[in-house]
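Here is a short briefing to read alongside the sequence and the model.

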Amino acid sequence: MSPFFSKRRVSFVSGALLCASLVSACSSLEPAQGVSARNELKPQAVARTQSAPKDEDFATAQMAPPPPSTPAAAPAAKKRGDVAAAPMMVEESEVADALAASEPAMRRAPPAKAAMPMGAATGALAVGGAPAPIQQPLEKRKLEVGDDKGAAEGGNVFETYKANAFTETAKDNLSTFAADVDTASYSMARRYLQQGQLPPTHAVRVEEFVNYFKYRYTPPEDGAFTVHLEGAPSPFNQRRQFVRVGVQGKVVSRSQRKPAHLVFLVDTSGSMASSDKLPLAIESIKVAVKNLNENDTVALVTYAGSTRDVLAPTPATDVKKIHAALDTLVAGGGTAMGSGMETAYKHAVKKAAGGVVSRVVVLTDGDANIGPNLTPKAMLASIEKYVAEGVTLTTVGFGMGNYHDSLMEQLADKGNGNSFYVDSMKEARKVFETQLTGTLEVIAKDVKFQVEFNPKAVSRYRLMGYENRDIADKDFRDDKVDAGEIGAGHTVTALYEVELTGEAQDLATVRIRAKAPNGTEAKEQAFPLTRANLKPSMEAASGDFRFAVAVAATADILRAAPAAEGWSLATTQKLAEGAVAGDADRTEFVRLIGQARALTTASASGR
């Protein structure tokens with residue numbers, strides 16, 4: 001359907017024409033398509049949402065097999081930029097041990113050689129046994145922050161970032177970037193893989209894969225954070241080394257953190273009707289409320305065709321009142337996201353103060369199709385003054401089919417906050433229960449990293465990921481330039497691939513600049529990276545280092561980074577397996593690599 005029909009009110013005459021065209025389309029279907037084709041054309045009813053089950057993860061719900069592709073869908077699918085296997089559910093048993101021995105170096109074929117288009121999603125996360133339809137994802141080619149024509153229609157939207165290439169140290173020995181603790185990219189990619197699809201290349205951001213996981217860095221005794229440096233030879237290229245810069249933020253207990261005023265901004269538009277969107281968002285808020293303190297307050301604003309104040313600031317201990325407000329939410333109407341954002345910020349800024357955490361938490365699929373401020377640039381401009389007054393932002397994404405990942409990521413980056421993607425109750429608990437304190441309590445803001453490589457020791461280097469957090473070298477000490485935030489207990493991990501030369505002992509100097517939560521001037525610290533930080537082999541490196549390398553390398557393979565050409569998922573899986581250390585998230589990641597291997601093999605063989 002054209003943007004005219006999807007975003008604007010349709011006149012009576014236009015509606016009649018549309019109905020006539022649909023009737024014509026239905027009558028022209030092949031007899032073999034019959035009932036299933038007509039069912040696909042039947043619009044989904046917008047009904048009152050049901051609460052999600054509390055004791056079962058959405059992710060474990062049974063997924064229905066994918067519907068057969070129609071001839072009409074094939075040409076459009078061929079235009080998508082990433083190669084993916086036919087829709088299929090991948091069991092662990094399908095990834096045989098023999099695969100490791102026979103598997104070629106894993107990389108995607110160029111789009112022009114795609115043997116098979118990306119298929120429809122294999123099913124949906126269910127509530128009460130009723131599967132929710134997930135539309136076919138459509139990859140966005142390019143979306144600039146200032147592009148007012150922005151979003152793609154009818155599919156998921158991802159920002160295009162070109163992977164960092166190797167830099168000659170003699171020409172440029174400085175690498176500068178902002179901290180990033182977002183995890184949305186990993187959660188989104190996991191959902192694709194669990195549904196039997198390789199994630200689109202532009203959905204994969206290396207830093208968000210790496211920072212999804214916990215690392216056992218020693219916390220600081222004094223100050224906001226500690227820095228941990230380590231390196232080891234690459235398992236992919238004997239001429240290269242991997243180097244890790246790890247930062248551990250100080251831990252703040254639930255009882256020690258500042259009082260929080262949270263304004264939950266919930267998208268209740270028609271696109272949120274499926275069970276993996278609004279119902280899951282409601283349950284996520286309930287998890288958050290359960291983990292707030294007696295000094296915390298909660299407000300609730302919704303937006304659809306218009307903006308509505310559902311709940312005035314209420315003590316978090318008044319659970320019954322908050323739950324009652326949440327249970328009234330219904331999905332239906334357009335998506336005036338820009339108006340909702342401004343209303344939520346107006347509420348949040350009233351409580352903004354040095355001794356209070358004032359944060360807007362947006363729960364949405366990121367779609368915005370009516371009202372003012374439709375583009376990222378316009379939304380950012382409307383909330384800029386509130387950000388300057390100390391209001392922070394968390395964006396939480398839900399669902400697939402029209403998910404605007406690019407918008408969610410940009411809003412979080414510019415709103416001094418975090419971006420998450422919730423695909424299950426398990427992930428909701430991780431974000432709103434386990435990570436809640438760190439999400440709320442910022443311990444350092446505008447955190448910048450600058451690594452100065454020694455040309456006598458390092459001939460070339462490449463930062464893995466952080467392309468969207470790049471900062472000009474000259475802006476490292478400009479405290480007016482915005483950067484990333486680190487929350488209580490957060491870890492930030494960055495990996496470099498380097499080529500060494502000569503015998504110089506000093507490899508690089510790692511510098512970090514950061515402001516206090518309410519400060520305006522940054523303080524700088526420097527840490528030397530020497531050959532003493534390098535282990536003689538990957539096996540001799542710490543488990544955290546080996547696992548981080550496995551995650552970063554897997555992400556580079558999935559996004560088809562040129563520097564990772566010829567790398568093997570078999571190698572990353574073996575590396576990750578040796579560093580699981582009983583961690584459930586790491587165990588799941590190893591399983592996901594196995595699913596990616598099976599999908600890549602199936603795609604290469606034309607299945």
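In this predicted model, the crossing of α15 and α16 is left-handed, meaning that the near helix is turned anticlockwise from the far one by less than a right angle (clockwise would be right-handed). Helices (H or I, at least four residues) and strands (E, at least two) are DSSP runs, numbered from the N terminus.

**The α15/α16 pair**
- Helix α15 covers residues 543-558 and helix α16 residues 569-577; their axes come within 8 Å and cross at roughly 155°. Axes here are lines fitted to C-alpha atoms, for helices over the stretch in contact, with angles from 0 to 180 degrees between N-to-C directions.
- The two helices are therefore roughly antiparallel to each other, a label for angles over 145 degrees.
- On the α15 side, Arg546, Phe547, Val549, Ala550, Ala553, Thr554 and Ile557 meet Leu569, Thr572, Leu575 and Ala576 of α16, where contact means heavy atoms within 4.5 Å.
- By type, the residues of this contact are eight nonpolar, two polar and one charged. Ala, Val, Leu, Ile, Met, Phe, Trp, Tyr, Cys and Pro count as nonpolar, Asp, Glu, Lys and Arg as charged, and the others, Gly among them, as polar.

**The six-stranded sheet**
- Six strands form an open sheet with mixed pairing, in the order β9-β8-β7-β10-β11-β12; two strands pair if DSSP finds at least two bridges between them.
- At the edges stand β9 (307-315) and β12 (418-421), each with a single partner strand, so one side of each has no neighbour in the sheet.
- From one strand to the next, the twist averages 15°.
- Strands β7 (residues 260-267) and β8 (residues 297-303) run parallel and are joined by seven bridges. Leucine 265 stands opposite valine 301 in β8.

**Helix α6**
- Helix α6 (residues 184-194) is mostly covered, with 10 of its 11 residues buried; buried means under 20% relative accessible area (1.4 Å probe, protein chains only).
- Among the buried residues of α6 are Tyr186, Met188, Arg190, Arg191 and Tyr192.

**The whole chain**
- The chain holds 17 helices and 18 strands, and buried residues make up 55% of its 607 residues.
- Of the contacts between residues at least 6 apart in sequence, 81% join residues at least 24 apart.

**Reading notes**
- Residues are numbered from 1 along each chain as its sequence is written, and side-chain values use heavy atoms, leaving out hydrogens and water.
- Local features need pLDDT of at least 70 and side-chain atom pairs count only at pLDDT 80 or more, while totals for chains, interfaces and linings use all residues.

Key:
Parallel < 35°, antiparallel > 145°, perpendicular 65-115°, else oblique. Buried < 20%, exposed > 50% of the residue type's maximum accessible area, 1.4 Å probe, protein only.
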